[in-house]
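Hi everyone, thanks for coming. Today I'd like to walk you through one protein chain, so please have a look at it before I start.

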Amino acid sequence: MGPDDSTEDPRWRRAHQDLLAAFFSLVLSRRYHEIRVADVLERSGVSRSTFYEHFRNKDELLAASLADPLRILAGLVRADADAGRVQAILEHFWQNRALARSLFQGTALRIVRRTLVGHVETALDRGQRNHLRIPPRLAAHALADGMLSPLIAWLSGEAKCAAADLALALRLTTAASAHALLTGHPPHPDHGGSA
């Protein structure tokens with residue numbers, strides 16, 4: 001059975017879901033750095049060898065558990081980004097803000113950030129990639145940080161606004177930032193034409 005075939009196996013999918021569910025339940029009661037792979041194994045009932053068929057470590061497990069919401073955020077780099085889907089993710093984060101805040105700090109934040117950067121880089125379409133002023137990986141870092149910084153400040157209560165307003169602001173600022181990273185566009189008049 002090849003690597004792609006494993007995801008079609010119901011036992012593989014069940015073990016994968018059991019690991020994600022166990023991890024999620026642990027994150028609700030503990031800080032990320034306090035969770036050990038052994039804790040996930042005990043909670044899920046999955047063997048250590050099976051765990052390592054799915055994930056190399058708990059960092060990969062965290063990345064996998066946030067893959068869907070981070071892909072939606074990363075989609076903001078596309079012109080057809082759906083602010084409604086982003087709003088739904090933001091509302092979910094807000095409803096679970098104690099958990100979200102714990103995932104957006106320390107070691108967990110580095111993993112979340114790295115995962116979002118990867119999804120942003122993937123979300124950049126071919127036209128964007130071919131016309132970036134800087135390498136796609138650097139552009140992905142800039143765009144991901146532009147999304148994460150206001151999100152973290154919002155979740156920590158530094159400033160309040162409706163999820164819909166934040167979703168729209170993230171869509172507009174990400175689009176403007178992505179546009180500014182593209183070559184072939186006239187410089188802003190305030191910059192006098194120099195790069």
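**A walk through the helices**

Contact here means heavy atoms within 4.5 Å. Thr115 has its place in helix 9. Is Thr115 buried or exposed? Thr115 is buried, because its relative accessible area is 12%, and buried means under 20% relative accessible area, exposed over 50%, and partly exposed in between, with a 1.4 Å probe and protein chains only. A polar atom of the Thr115 side chain also lies 2.7 Å from the backbone oxygen of Ile111.

Before going on, some notes on what you are looking at. This is a predicted model, in which local features need pLDDT of at least 70 and side-chain atom pairs count only at pLDDT 80 or more, while totals for chains, interfaces and linings use all residues. Residues are numbered from 1 along each chain as its sequence is written, and side-chain values use heavy atoms, with hydrogens and water left out.

Now the overall picture. The chain has twelve helices and zero strands. Helices (H or I, at least four residues) and strands (E, at least two) are DSSP runs, numbered from the N terminus. The C-alpha atoms fill a box of roughly 65 × 45 × 25 Å, taken along the principal axes. Of the 195 residues of the chain, 40% count as buried. Take the contacts in the chain with a separation of 6 or more: residues 24 or more positions apart account for 65% of them.

Let's stay with helix 9, which covers residues 106–123. Arg110 is found in this helix, and Arg110 counts as exposed because its relative accessible area is 53%. Arg110 and Asp59 are 51 residues apart along the chain, yet their C-alpha atoms are separated by 9.7 Å.

Further along helix 9 comes Glu121. Why does Glu121 count as buried? Because its relative accessibility is 19%. Which side chain does Glu121 join in a polar contact of 2.8 Å? The partner is the side chain of Arg137. A polar contact is a pair of N or O atoms within 3.5 Å; within protein, one must be able to donate a hydrogen and the other to accept it, and residues adjacent in sequence count only if both atoms are side-chain atoms. Not counting residues up to four places away in sequence, Glu121 touches Arg129, Pro136, Arg137 and Ala140.

Next, the nonpolar core. By that I mean a set of buried Ala, Val, Leu, Ile, Met, Phe, Trp, Tyr and Cys residues joined through side-chain atoms within 4.5 Å. The largest one has 58 residues, and those with the most contacts inside it are Leu73, Leu90, Leu116, Val120 and Leu151. Helix 11 (residues 136–155) gives the most to this core, with nine residues. Looking at Leu116, and again not counting residues up to four places away, we find that Leu116 touches Leu70, Leu73, Ala74, Ala144, Met147 and Leu148.

Helix 5 is worth a stop too. Its buried residues include Lys58, Leu61, Leu62 and Ala63. Among the elements that cover the buried residues of helix 5 are helix 2, helix 6 and helix 9. At the start of helix 5, a side-chain oxygen of Asn57 reaches to within 3.0 Å of the backbone nitrogen of Asp59.

In helix 3, Val37, Asp39, Val40, Leu41 and Ser44 are buried. These buried residues pack against helix 2, helix 4 and helix 5. Just after helix 3, Gly45 takes a positive phi of about 80°.

Our last stop is Ala100, in helix 8. Ala100 counts as buried because its relative accessibility is 5%. Leaving aside neighbours within four places in sequence, Ala100 is in contact with Phe93 and Leu155. Ala100 and Val27 are 73 residues apart along the chain, and their C-alpha atoms are separated by 9.6 Å.
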